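Please keep the coordinates at hand while reading.

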Amino acid sequence: MSELVKVRRLTDEEGRRLQRLVRRGEGKGKASVVRYRRALVVLASAGNNTVPVIARLVQTSPDRVREVIHNFNKMGMECLDPKWAGGRPCQITSTDESFIVETAKTRPEKLGMPFTHWSVRKLCRYLADNPTRKVTIGRERLRQLLERHQITFQRTKTWKESNDKFRDAKLARIEEVTTSFPGRCFAFDEFGPLAVHPIGGCCWAERKHPQRLRANYHKTCGVRQFHGCYSYGEDTIWGVVRRRKSSKNTLEAIRSCRAARPDGEQIYVILDNLSAHKNKKTKEWCARHSVELCFTPTYSSWANPIECHFGPLRDFVLNNSDHPNHTVLTRRLHAYLRWRNANARDPRILAAERKHRAEMRAEKRRRWGRPAPRAA
């Protein structure tokens, strides 16, 4: 029995870059749109969403989704960039390119040069005169080559990695519950801040006659937070808009997940490590009502299955909008969620997928001689 197609476990840096790209976007150029859609596929797969769910999310075929996932597993973040061919044959070998890239990423001080960073002119002179490997290249060609290898001139930043000593165990638990109990698995997260002011975006319009949004100089309505819940098995989202994040609002969201399965059997809620999610009262309530909280590792909220669904929510509700107040914004957000849930996958396809996963689990248990788990 073949295994489900899924991306490998992301590193912390990859997860943050994908999450930032899906939530904020990169503009609407041709290459940026391709990067956004591919990043959405990878992030959705990292959140344990199945291929049909991802295909519906990005409006493409399941085969294309599988192709992107396989490319990411082989190439990493480089697979997000479109590869358009054409032009004159390159005069610089691949070995020269590797040497140029490594030199550009090395601090000049380590190579005996008296400055802290390269300019394009200084790097060209160094490559042409260095004793290790001489490479003659023009400034414009050097700039293009560095850009193709994602080497850009940018500000230095601090780095951050997950310091959670239980990182692997938490990720493994999330994978286990989404695979073994998809019908009883939920995800919760806050989406915001939601502000009332004109937000730029994209739309179809006559050439050189774009739609206009009013200017806004006063933002007096404050912000709100959307507390969203996602049913992993049914592929549906619901939630409410609150004034702020709090343990009380978190508990209300978890109660709504419990109400979706009122049979009293165990359910699983995936959420991040916000302090409002770890309140003592919340944990006690969950213990009494058979709710297991599956926390994502620190600095790894990309592992939450609901994260990838916030990208389209921002794109189709917030971008290119000018809501007069929070009441209208909330109504339009809920209207979009009703439309999204009403246009979900065919229940027959969903049932067939669940049956297939159940058969795979049964086959593995039979092969390894393991007892069947409690019915979910």
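In this predicted model, Lys 278 lies over the face of Phe 295, at a distance of 5.3 Å from the ring centre. A second contact of this kind involves Lys 122, whose charged end sits over the ring of Phe 115, 5.6 Å from the centre of that ring. Phe 115 also belongs to an aromatic cluster, which it forms together with Trp 118 and Tyr 126.

How many aromatic pairs does a search of the whole structure find? The search returns seven. One of them joins Phe 181 and Tyr 268, a stacked pair whose ring centres are 5.2 Å apart and whose planes make an angle of 20°; the label follows because planes under 30 degrees apart count as stacked. This pair links distant parts of the chain, since Phe 181 is found in the loop between α8 (167–180) and β1 (185–195), whereas Tyr 268 belongs to strand β4 (residues 267–271), and the two are 87 residues apart. Both partners are buried: Phe 181 has a relative accessible area of 14%, and Tyr 268 has one of 6%.

Another pair, Phe 186 with Trp 238, has an edge-to-face arrangement, with 6.2 Å from centre to centre and 80° between the planes. Because Phe 186 lies in strand β1 and Trp 238 in strand β3 (residues 236–242), the pair ties together parts that are 52 residues apart in sequence.

| Pair | Geometry | Centre to centre | Angle between planes |
|---|---|---|---|
| Phe 181 and Tyr 268 | stacked | 5.2 Å | 20° |
| Phe 186 and Trp 238 | edge-to-face | 6.2 Å | 80° |

The cysteines are the remaining topic. A disulfide is a covalent bond between the sulfur atoms of two cysteines. The structure holds zero disulfides. Cys 294 is itself buried, with a relative accessible area of 3%. Cys 79 is buried as well, and its relative accessible area is 7%.

Note on methods: Residues are numbered from 1 along each chain as its sequence is written. This is a predicted model: local features need pLDDT of at least 70, side-chain atom pairs count only at pLDDT 80 or more; totals for chains, interfaces and linings use all residues. Side-chain values use heavy atoms; hydrogens and water are left out. Rings of Phe, Tyr and Trp (its six-membered ring) pair if their centres lie within 6.5 Å; planes under 30 degrees apart count as stacked, over 60 as edge-to-face and the rest as tilted. Helices (H or I, at least four residues) and strands (E, at least two) are DSSP runs, numbered from the N terminus. Buried means under 20% relative accessible area, exposed over 50%, partly exposed in between (1.4 Å probe, protein chains only). A charge sits over a ring if NZ of Lys or CZ of Arg is within 6 Å of the ring centre and within 35 degrees of the ring normal. A disulfide is a pair of cysteine sulfur atoms within 2.5 Å.
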